[in-house]
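Reader: Please walk me through this model. I want backbone details first, then the sheet, then the packing.

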Amino acid sequence: MRIILLGPPGAGKGTQAKSLALKLGAPHISTGDLLRKNVKEGTGLGIKAKDYMERGALVPDELVAQMLIVRFSQPDVKTGFILDGYPRNMSQAGVLEGILKQNNMSIDLVVSLDSSEPVIIQRLSGRLVCSKCGENFHAVNMPPLKQGLCDKCGSKLYQRADDKEETIRKRLAVYANETAPLLEYYQARNLLHHIPADGPAETVLNQIIVLARQKQ
Ligand code: AMP
């Protein structure tokens, strides 16, 4: 199963993609996670990407494309994938088409997670991420058992630099201007399904799974 998750930051793409990957046995490919790994490791790509990410801007298309091509050359992608955070604009949708064509693949399903702005701001401004394993928590909705520490591995939790309210608003504007046009693009290809995503993660997940099963 090859699925793209679309939706504004904070709609729950990462959360849903992780659960779907487990349920469907396909890798979760998050360009945001891959970029953050590069930043953390101080790679050439990470050094170039860091400033864009902290400002809530998109990292240049060529940099992300190279990273994605490398990811798609790995064998686990043959079983399918849950793509989270890519494509982010029309040009990236073209790059993805090219990569898929080269690998004799096509997309089965595109899901737009539709969330409202107040819910997004509340979710992102309280989000806490583990500095080691990447597990997500929320200061109010899902606090860790020990303040500031990850339940899973005990490492320190931090707030992402781009989860400050001002940067969240910038990311929402980038989504509206650059990413939202993709909804029409995938609608025209009869691949797009909308799912309301303000509610509990489990309810959203069940709805995506119903759609995925219909496509299998
Ligand atoms: P995310 O984790 O998906 O919210 O992404 C965090 C940040 O990484 C974004 O605000 C961008 O700066 C960068 N990023 C992630 N995916 C892409 C992409 N496909 N194209 C450009 N920048 C991206």
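**Backbone, sheet and packing**

Author: Pro 87 lies in the loop that links S3 to helix H5 (90-102). Helices (H or I, at least four residues) and strands (E, at least two) are DSSP runs, numbered from the N terminus. This is a predicted model: local features need pLDDT of at least 70, side-chain atom pairs count only at pLDDT 80 or more, and totals for chains, interfaces and linings use all residues. Residues are numbered from 1 along each chain as its sequence is written, and side-chain values use heavy atoms, with hydrogens and water left out.

Reader: Is the peptide bond from Tyr 86 to Pro 87 cis or trans?

Author: Most peptide bonds are trans, and most residues other than glycine have a negative phi. The bond from Tyr 86 to Pro 87 has omega near 0 degrees, which is cis.

Reader: What is the phi of Asn 104, and is the residue buried or exposed?

Author: Asn 104 sits in the loop between H5 and strand S4 (109-114). Its phi is positive, near 55 degrees, and it is not a glycine. Buried means under 20% relative accessible area, exposed over 50%, partly exposed in between (1.4 Å probe, protein chains only). Asn 104 has a relative accessible area of 73%, so it is exposed.

Reader: What is the relative accessible area of Asn 190?

Author: Asn 190 belongs to the loop between helix H8 (181-188) and S8. Its phi is about 60 degrees, positive although the residue is not a glycine. Asn 190 counts as exposed, with a relative accessible area of 63%.

Reader: In what order do the five strands of the open sheet stand?

Author: Two strands pair if DSSP finds at least two bridges between them. The pairing here is parallel, and the order is S2-S3-S1-S4-S8.

Reader: Which strands stand at the edges?

Author: An edge strand here has a single partner, so one side is left without a neighbour in the sheet. The two are S2 (28-30) and S8 (192-196).

Reader: Which residue in S3 stands opposite Ile 29?

Author: S2 and S3 (residues 81-84) run parallel and are joined by three bridges. Opposite Ile 29 stands Leu 83.

Reader: How many residues of strand S1 (residues 2-6) are buried?

Author: Arg 2, Ile 4 and Leu 6 are buried on one side, Ile 3 and Leu 5 on the other. S1 is largely enclosed by the rest of the structure, because the buried count is five of five.

Reader: Which residue in S4 is the bridge partner of Ile 3?

Author: S1 has four bridges to S3, running parallel. Arg 2 stands opposite Phe 81 there. S1 also has four parallel bridges to S4. In S4, the partner of Ile 3 is Leu 109.

Reader: How are helix H2 and helix H4 oriented to each other?

Author: The axes of H2 (residues 31-41) and H4 (residues 61-72) come within 11 Å and cross at roughly 100 degrees. Axes are lines fitted to C-alpha atoms, for helices over the stretch in contact, and angles run from 0 to 180 degrees between N-to-C directions. Angles under 35 degrees count as roughly parallel, over 145 as roughly antiparallel, 65 to 115 as roughly perpendicular and the rest as oblique. That makes H2 and H4 roughly perpendicular.
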